[in-house]
Amino acid sequence: MKFSAIYRSRHSSSQSSSLPWISPLKFAKPAEPKPDPPPEISVEAARKRKYISHDSAIDLIKREKDPQHALKIFNMVSEQKGFQHNNATYATILEKLARCNKFHAVDRVLRQMTYETCKFHEGTFVNLMKHFSKSSLHEKVLHAFFSIQPIVREKPSPKALSTCLNLLLDTNRVDLARKLLLHAKRRLTHKPNVCVFNILVKYHCKNGDLESAFEVVKEMRNSKLSYPNLVTYSTLMDGLCRNGRLKEAFELFEEMVSRDQIVPDPLTYNVLINGFCRGGKPDRARNVIEFMKNNGCYPNVYNYSALVNGLCKVGKLQDAKGVLAEMKGSGLKPDTVTYTSLINFLCRNGQIGEAMELLEEMKESECRADTVTFNVILGGLCREGRFEEALDMLEKLPHQGVYLNKGSYRIVLNSLIQKCELKKAKELLGLMLSRGFLPHYATSNELLVCLCKAGMADDAAMALFDLVEMGFQPELESWEVLIGLICRHRKLLYVFELLDELVVTNT
């Protein structure tokens with residue numbers, strides 16, 4: 001009998017039987033009852049049970065990118081039983097909010113701090129002053145200083161006073177600086193120290209008011225708590241040099257050494273070196289270098305770089321090369337500024353080949369050329385008509401990790417237009433726009449007009465469309481020339497499209 005027949009017979013008999021068929025599986029060992037699942041715990045409940053310490057709160061606030069969420073974290077942790085914010089948590093949230101320019105929130109947090117009992121440090125307020133100053137909120141700079149005493153419960157230190165004064169005078173807010181000094185004179189026990197006097201000297205020198213600067217120094221000498229130091233003299237000497245008073249600057253240098261017996265450092269010497277070089281007297285600057293060496297102060301890279309730049313400016317290339325060799329001989333590694341000064345001179349005097357050799361030398365000595373260096377090279381190549389090399393550099397340098405700015409592209413584009421290399425100029429325009437750089441407004445209009453005058457209607461139209469997409473609005477003359485050219489070439493579709501662009505641009 002076949003298995004199917006047996007199955008059918010058994011199945012039919014079981015249906016006709018009065019007793020139900022019982023599967024043998026039902027006699028298997030009964031399964032043990034499953035334990036009840038644990039009660040579900042909500043995320044909020046889990047968070048509430050986990051205590052967040054001060055260090056954890058600080059870490060969470062620092063890692064949070066959204067300042068509003070950071071503020072929520074700050075407020076949330078304060079709801080924990082037994083948690084009290086301290087100076088570190090307040091400093092962290094204030095830094096986060098100020099860095100993101102959320103100054104209204106900063107004001108609210110500062111008001112909250114006045115009700116706290118923990119000990120605060122003035123460094124938090126010094127940091128806030130810097131953020132306020134960066135955002136040109138100069139009144140808030142002063143307010144932050146005034147908030148130190150009521151919140152920190154101590155009088156501001158000389159450092160806080162100096163920082164506030166410097167920030168206000170650097171932005172020329174003399175009115176607020178005067179309020180600050182009057183407040184310090186009436187309310188604070190600290191007398192103006194050397195740092196405060198030096199800030200005032202710097203301010204007057206920066207504004208060319210050297211007489212007032214010397215008055216401040218005179219007051220310093222009469223003060224029992226401060227006396228002119230190296231910074232004071234260096235600032236005065238720099239002010240004199242920038243005003244062309246080189247003889248007085250050198251006399252002041254001699255007075256500093258002989259009268260006050262202050263030993264100059266390389267930075268002070270550099271003030272004189274730069275002064276003589278700016279005044280077209282690099283030989284005097286060279287004498288300062290020799291004086292340094294004879295008095296046990298060895299010139300650094302910045303001293304030599306300033307001298308190389310000064311020699312190049314007066315056309316003394318061989319002397320500049322000699323200084324470069326002297327640098328290397330003394331164990332110093334020439335920096336980017338040193339090389340760029342020489343490269344600039346070579347490029348402007350038609351010696352681009354030698355400039356390229358120096359660029360290669362920089363690469364071999366692991367001295368990284370910057371944007372200024374490459375812009376100088378690009379200008380030199382264009383002046384020699386070596387456009388293929390310039391375009392090749394523009395194409396490849398960004399892929400080698402070199403940052404090029406809009407000036408890099410504009411240098412080459414301007415030269416191409418001047419030399420009527422319009423095909424290359426059109427290709428460079430496409431590269432510029434693809435990398436997010438716009439030509440100068442006048443250059444863009446000049447390129448469009450030149451393309452039109454050369455009969456390159458398609459190129460001119462495509463260049464215009466590409467420029468308009470980047471927000472460029474051409475001059476009326478450019479529109480007229482371009483549309484007239486296209487009409488002459490009977491490309492009326494272009495005309496209608498350009499007119500549409502004209503209407504959209506004007507609206």
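Predicted model: local features only at pLDDT ≥ 70, side-chain atom pairs only at ≥ 80, totals over all residues.
**Figure 1**
H11 is mostly covered, with ten of its 13 residues buried. These buried residues are Val-194, Val-196, Phe-197, Asn-198, Ile-199, Leu-200, Val-201, Tyr-203, His-204 and Cys-205.

**Figure 1. The length of H11 and the glycine just after it.**
H11 runs through residues 194–206. From its first C-alpha to its last, H11 reaches 18 Å. That is close to the 18 Å expected for this helix at 1.5 Å a residue. Just after H11 comes Gly-208, with a positive phi of about 75 degrees.

**Figure 2. Asn-193, in the loop between H10 and H11.**
Is Asn-193 buried or partly exposed? Its relative accessibility is 23%, so Asn-193 counts as partly exposed. Buried would mean under 20%. Not counting residues up to four places away in sequence, Asn-193 touches Pro-158, Ser-162 and Ser-226. Look at Ser-226 in particular. Asn-193 and Ser-226 are 33 residues apart in sequence, yet their C-alpha atoms are 5.5 Å apart in space.

**Figure 3. The packing of helices H5 and H6.**
Two packed helices are described by the angle between their axes and the distance between the axes. Here, H5 (residues 87–99) and H6 (residues 103–113) pack at an angle of about 160 degrees. Their axes are 8 Å apart. The angle therefore makes H5 roughly antiparallel to H6, since angles over 145 degrees count as such. The crossing of H5 and H6 is left-handed.

**Figure 4. The residues where H5 meets H6.**
What does each helix bring to the contact? From H5 come Tyr-90, Ile-93, Leu-94, Leu-97 and Ala-98. They meet Phe-103, Ala-105, Val-106, Val-109, Leu-110, Gln-112 and Met-113 in H6. Eleven residues of this contact are nonpolar, one is polar and none is charged.

**Figure 5. Helix H26 and the glycine that follows.**
H26 covers residues 457–469, and its 13 residues should span 18 Å at 1.5 Å a residue. The end C-alpha atoms of H26 are 18 Å apart, so the model agrees. The buried residues of H26 are Ala-457, Ala-460, Ala-461, Ala-463, Leu-464, Phe-465, Leu-467 and Val-468. Gly-471 follows H26, and the phi of Gly-471 is positive, near 95 degrees.

Definitions and conventions
Residues numbered from 1 in each chain as written. Heavy atoms only, no water. Helix = DSSP H or I, 4+ residues; strand = E, 2+ residues; numbered from the N terminus. Expected span 1.5 Å × (residues − 1). Buried < 20%, exposed > 50% of the residue type's maximum accessible area, 1.4 Å probe, protein only. Axes fitted to C-alpha atoms, helices over the stretch in contact; angles between N-to-C directions. Parallel < 35°, antiparallel > 145°, perpendicular 65-115°, else oblique. Left-handed = near helix turned anticlockwise from the far one by under 90°. Contact = heavy atoms within 4.5 Å. Nonpolar A, V, L, I, M, F, W, Y, C, P; charged D, E, K, R; others polar.
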